[in-house]
Amino acid sequence: MTSVTATKRSGPDDPHGGHSGRDGHGGQGGRPRRSWRPGPSGPPPRGKAFGDRAAWFLVLPALIPILILSVGPLLYGIALAFTDAQSGTTRSTQWIGTLNFQDLLHDTLFWDSFGIGLVWAVGVTVPQFLLALGLALLLNQNLRLRWLARALAIVPWAMPEVVVGIMWRLVYNPDAGILNETIRDLGLGDGRDWLTGLATALPAVILVGIWAGMPQTTVALLAGLQNTPRELHEAAALDGAGAWRRFRTVTWPAIKPIALAISALNLIWNFNSFALVYVLTSGGPGGRTRLPMLFAYEEAFRYGQFGYAAAMGCVMVAVISVLLAFYLVGRLRGGEDR
């Protein structure tokens, strides 16, 4: 009895009885140990593979137009920049390497337009953001007829750029425009030709750009303000924080990601502007409002220099890519900090 009892009590790990069981077999009455090694990884489940294929089929209707209408023309334009392509059906196109880019480095007219484009982009984006932020803060308050004010605020956004340009040409009209008529009625002078004056053309166009793009920024900032918990403002107010301190410590941290995103996108969109300035001034007077896009358009469709215009487009794409890279790096670093 004693030996039987000892044998039963001795397990695979008992140093005084039975086997250690390391080879998978215990002593008398022992059980084989369970192996915890993962088995060989087999093929993914059929349902997951089918789901991946179905997802690609759902994405293709949106992906194919992007490849055909965006990526394809972009690659063709880059290739065109290394040729001497010009207008005319009988002229053969030759590969000239980087000659267009070398000529572009010494083209002072292009770099002048590039500087005008930077002034235009910054001059529109910064005031646009500040005015949109103030309007968004106002529309976020509990005002009477707030719904009507919000609807009117986005009216310029709903108007095509061509219509906006024609409307503001009427406003700036030197003879019967509402701006000069108001100046005359107030006794401030006889008015002036705002869009053809060398000193006033670019500021006048920048003002139109601010007015046309402000609603989009306002809507984005207003969405961020509405997602800010009111409890944070109430707690800050109970702690004695004033309006400016509440904005700096509560409101701004909440809308900062949206503000950075919409400002970066506005800077890129404004640098690429074409239709609005083309309708207002066509790049005049004397090239004072000739943005880079207008310069490339004239080279391609007025003078027929398609290869040279494509080289200009490549330079602008490179600049925009750098701006976008800085924005993305900033967003990634901001995400890591959080």
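Helices (H or I, at least four residues) and strands (E, at least two) are DSSP runs, numbered from the N terminus. This is a predicted model, in which local features need pLDDT of at least 70 and side-chain atom pairs count only at pLDDT 80 or more, while totals for chains, interfaces and linings use all residues. Residues are numbered from 1 along each chain as its sequence is written, and side-chain values use heavy atoms, with hydrogens and water left out.

**View A. A nonpolar surface patch to which helix α2 contributes the largest share.** The patch, of about 1,100 Å², is formed by Phe57, Leu60, Ile64, Ile66, Leu67, Ile68, Leu69, Val71, Leu74, Leu75, Ile78 and Val317. Helix α2 (residues 46-80) supplies 11 residues of it. Patch members have over 30% relative accessible area and no salt bridge, with like charges joined within 9 Å and nonpolar side chains (Val, Leu, Ile, Met, Phe, Trp, Tyr) within 5 Å; a salt bridge is a side-chain nitrogen of Lys or Arg within 4 Å of a carboxyl oxygen of Asp or Glu. Accessible areas come from the Shrake-Rupley method with a 1.4 Å probe, and for residues only the protein chains shown count as cover. Valine 71 lies in helix α2 and counts as partly exposed because its relative accessibility is 34%, the classes being buried under 20%, exposed over 50% and partly exposed in between (1.4 Å probe, protein chains only).

**View B. Asparagine 270 in helix α11.** Within helix α11 (residues 243-271), asparagine 270 counts as buried because its relative accessibility is 10%. Its side chain makes a polar contact with the side chain of threonine 125 at 2.9 Å; such a contact is a pair of N or O atoms within 3.5 Å, where, within protein, one must be able to donate a hydrogen and the other to accept it, and residues adjacent in sequence count only if both atoms are side-chain atoms. Leaving aside residues up to four places away in sequence, asparagine 270 touches Trp120, Ala121, Val124, Thr125 and Gln128, contact meaning heavy atoms within 4.5 Å.

**View C. The loop between α12 and α13, with serine 282 and proline 285.** The peptide bond from glycine 284 to proline 285 is cis, with omega near -5 degrees. Serine 282 has a phi near 55 degrees, a positive value in a residue other than glycine, and is partly exposed, with a relative accessible area of 39%. Most residues other than glycine have a negative phi, and most peptide bonds are trans.
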